[in-house]
Amino acid sequence: MPHLPRLVPILAALVLAPALAQAHAILVQSSPAAGGTTAPGKVAMEFRFNSRIDRERSRLTLTAPDHSQSVLPIAPEGPPDILDTTANLTPGAYVVRWQVLAVDGHITRGDVPFTVGN
Ligand SMILES: [Cu+2]
């Protein structure tokens, strides 16, 4: 590995940056993706944010094709910037509303609409 001494400060900056960030949590990736389609059955869902979040004070609410709403159980363990859940889904149009508390104390929310295909 060439120029290792020069890499060290860069790596240190990358490691320290999240601790210094004072950003609200923004959804950066999800599965299913917003506007995406997934297969029916037991669907594993994952929501990744740009910062650490307080999963105990965060919430995922599923709106089903019949417009009924349910709170999805968030997996208690996992990376600090990811919410994981699963649900048994039949074909139709769904929306997951995420509401998360970031480490800076601010709550943000948003919607991820997706379709379960046949
Ligand atoms: Cu904030």
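Analyst: A salt bridge here is a side-chain nitrogen of Lys or Arg within 4 Å of a carboxyl oxygen of Asp or Glu. The model is predicted, with local features needing pLDDT of at least 70 and side-chain atom pairs pLDDT 80 or more, while totals for chains, interfaces and linings use all residues. Residues are numbered from 1 along each chain as its sequence is written, and side-chain values use heavy atoms, leaving out hydrogens and water.

User: Why is the meeting of Arg 57 and Asp 54 called a salt bridge?

Analyst: The side chains of Arg 57 and Asp 54 meet at 2.6 Å, N to O, and because the limit is 4 Å, the pair qualifies. By this rule the count comes to 2 salt bridges.

User: What makes Asp 111 and Arg 97 a salt bridge, and where in the chain do these residues lie?

Analyst: The side chains of Asp 111 and Arg 97 meet at 2.7 Å, N to O, which is within the 4 Å of the rule. This pair links distant parts of the chain, since Asp 111 belongs to strand S8 and Arg 97 to strand S7, 14 residues apart.

User: How do you know whether Arg 57 is buried or exposed, and what about Asp 54?

Analyst: Buried means under 20% relative accessible area, exposed over 50%, and partly exposed in between (1.4 Å probe, protein chains only). Arg 57, with a relative accessible area of 58%, is therefore exposed, whereas Asp 54, with 23%, is partly exposed.

User: Which residues coordinate the copper ion, and what makes them donors?

Analyst: Donors are N, O and S atoms within 2.8 Å of the metal (3.2 Å for Na, K and Ca), and sites may look incomplete because water is not among the atoms. His 24 (ND1), Asp 104 (OD) and His 106 (ND1) coordinate the copper ion at 1.8 to 2.0 Å, so these atoms meet the 2.8 Å limit. In sequence the donor residues follow the spacing H-x79-D-x1-H. His 24, in the loop between helix H1 (4-20) and S1, and His 106, in the loop between S7 and S8, are 82 residues apart and link distant parts of the chain. His 24 counts as partly exposed at 40% relative accessibility, and His 106 likewise counts as partly exposed at 38%.

User: What is the order of the open sheet of 3 strands, and which strands stand at the edges?

Analyst: The order is S1-S3-S6, with antiparallel pairing. Strands S1 (27-31) and S6 (82-89) stand at the edges, because each has a single partner strand, and one side of each is left without a neighbour in the sheet. Two strands pair if DSSP finds at least two bridges between them. Gln 29 stands opposite Arg 48 in S3.

User: Where is the cis peptide bond?

Analyst: The cis peptide bond joins Ser 31 and Pro 32, with omega about 0°, and Pro 32 is found in the loop between S1 and strand S2 (37-38).

Notes: Helix = DSSP H or I, 4+ residues; strand = E, 2+ residues; numbered from the N terminus.
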